[in-house]
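Morning, everyone. I have one structure to walk you through today.

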Amino acid sequence: MSELRLCLGLESSCDETAAAIVGADRSILSSVVYGQADLHEAYGGVVPEIAARAHAERLDICVAEALREAGVAKEEIDLIAVTAGPGLIGGVMSGVVFAKALAVSLDRPMLGVNHLAGHALTPRLTDGVGYPYILLLVSGGHCQFLAVMGPDSFVRIGGTIDDAPGEAFDKTAKLLGLGYPGGPLIEKAAVDGDAGRFAFPRPLLDRPGCDMSFSGLKTAVRRARDELVAEQGGLWRKVVADLAAGFQTAVADVLAEKTRRACEMFLAPGVKEKVLAIAGGVAANKEIGARLAEVAAEQGFRAVLPPLRLCTDNAAMIAWAGLEQYKAGARSDMGLVARPRWPLDEDAAPLIGSGKKGAKA
Ligand code: KG4
Ligand code: ZN
């Protein structure tokens, strides 16, 4: 291989099967994502066995589509990057085995990439952001503040000690009978709601630092719901709207305050522009997005929100992280294993929380 030009990325760590072709010049030639929400909807969350089977069945279709969309022959691929963790082990294994087989058949290098590094490096792909910068990752499976120092250098500033915010949205939506995935449904229900009606907690705001907790908030919603059901025999639409609005504003308050602290803690002498990048499905929430943008502006940071399709799980971010890390000297061989847990910052104290992908960060 003379020059590293095109990378095929593969992602299968949760409930999206994805393949993408990305150029070293930051061009995204294709990004195909097969969601599985329909397969898991009836269960109100991701079922690992169903997810793993669906990945195994769809990876080759996804890759064929990504190549076709990009107008690229498989022989033109210079590198194969695959999510090797953290995530649901069955799905990650499907991707890793597939990548190995493809690498052997094409005689190309293959690199195992940390899924979180994919999210963390996306602002470089989409906006050409320079190192270092802060990333807030808020999704169904992750919630952490990272200082991104280099392609494989991350410092965890804080994170959730239990549920990820998206997970809290999903569980709360289930409690309120709204369906799955819960984030957009809570947001919709909250439009007509009175956020001040219920006094929900703002967990961990009384403690210093940037760690967060969301599981108590969900429990508070359950308690309020149960009291209302006992009192009035059911839930009125207006009550659901008020509960949804109260919950959403509580999450926004916690994220806003912890983001303010993360910005304050970020010392980057010599950096031309301080950047706060926000990624993950929860960043799609308008109230939360607006609050975070406000905090960034107050703290003198430029807020970078990559387009949603690149913020939520996708393979373009894996291809890009693969390109950056391979150029920086990272290598994998056929001994590459799938890792259910794989903290980006191996030196940070482990968190006790889980997230829908299982304990991992
Ligand atoms: O990043 P993502 O697609 O997948 C991972 O979890 O990695 O995030 C999905 C999560 C789900 O929990 C979903 O409920 C949440 O993001 N979400 C939202 C909104 N849209 C998606 N949460 C709040 N408000 C939204 N509008
Ligand atoms: Zn993700």
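A definition before we start: two strands pair if DSSP finds at least two bridges between them. Keep in mind, too, that this is a predicted model.

Now the sheet. It is open and has 5 strands, in the order β3-β2-β1-β4-β5. The pairing is mixed. At the edges sit β3, residues 28-35, and β5, residues 110-114, each pairing on one side only. On average, neighbouring strands are turned by 20 degrees against each other, direction ignored.

Look at β1 and β4. These two strands run parallel, joined by 4 bridges. β1 covers residues 6-11, and β4 covers residues 79-85. Which residue in β4 is the bridge partner of Leu10? It is Val82. Helix α3, residues 89-106, lies across β1, β4 and β5. Against β4, helix α3 runs at about 160 degrees.

Next, charges. Side chains of opposite charge can pair when their charged atoms come close. The structure holds 15 salt bridges.

Start with Arg124 and Glu324. Their closest N and O atoms are 2.6 Å apart. Arg124 sits in helix α4 and Glu324 in helix α11, 200 residues apart, so this pair links distant parts of the chain. Buried or exposed? Arg124 has a relative accessible area of 18%, so it counts as buried. Glu324 is buried too, at 8%.

Second, Lys218 and Asp163. Here the closest N and O atoms are 3.0 Å apart. Lys218 is in helix α7, while Asp163 is in the loop between β8 and α5. Both residues are buried. They also belong to a network of salt bridges that takes in Glu167 and Lys171.

Third, Glu273 and Arg302, meeting at 2.9 Å, N to O. Glu273 lies in the loop between α8 and β9 and Arg302 in strand β10, so the pair ties together parts 29 residues apart in sequence. Glu273 is partly exposed, with a relative accessible area of 40%. Arg302 is partly exposed as well, at 33%.

Last stop: Asp345, in the segment after α11. Asp345 is buried yet has no salt bridge. Why no salt bridge? The cut-off is 4 Å, and the nearest side chain of opposite charge, Arg156, is 5.8 Å away. What does the side chain of Asp345 reach at 2.8 Å? The backbone nitrogen of Arg156. Beyond its neighbours within four places in sequence, Asp345 is in contact with Phe154, Val155 and Arg156.

Conventions. Residues numbered from 1 in each chain as written. Chains lettered and ligands numbered in written order. Predicted model: local features only at pLDDT ≥ 70, side-chain atom pairs only at ≥ 80, totals over all residues. Heavy atoms only, no water. Buried < 20%, exposed > 50% of the residue type's maximum accessible area, 1.4 Å probe, protein only. Lys, Arg positive; Asp, Glu negative; His and termini not counted. Polar contact = N/O pair within 3.5 Å; in protein donor to acceptor, adjacent residues only side chain to side chain. Contact = heavy atoms within 4.5 Å. Axes fitted to C-alpha atoms, helices over the stretch in contact; angles between N-to-C directions.
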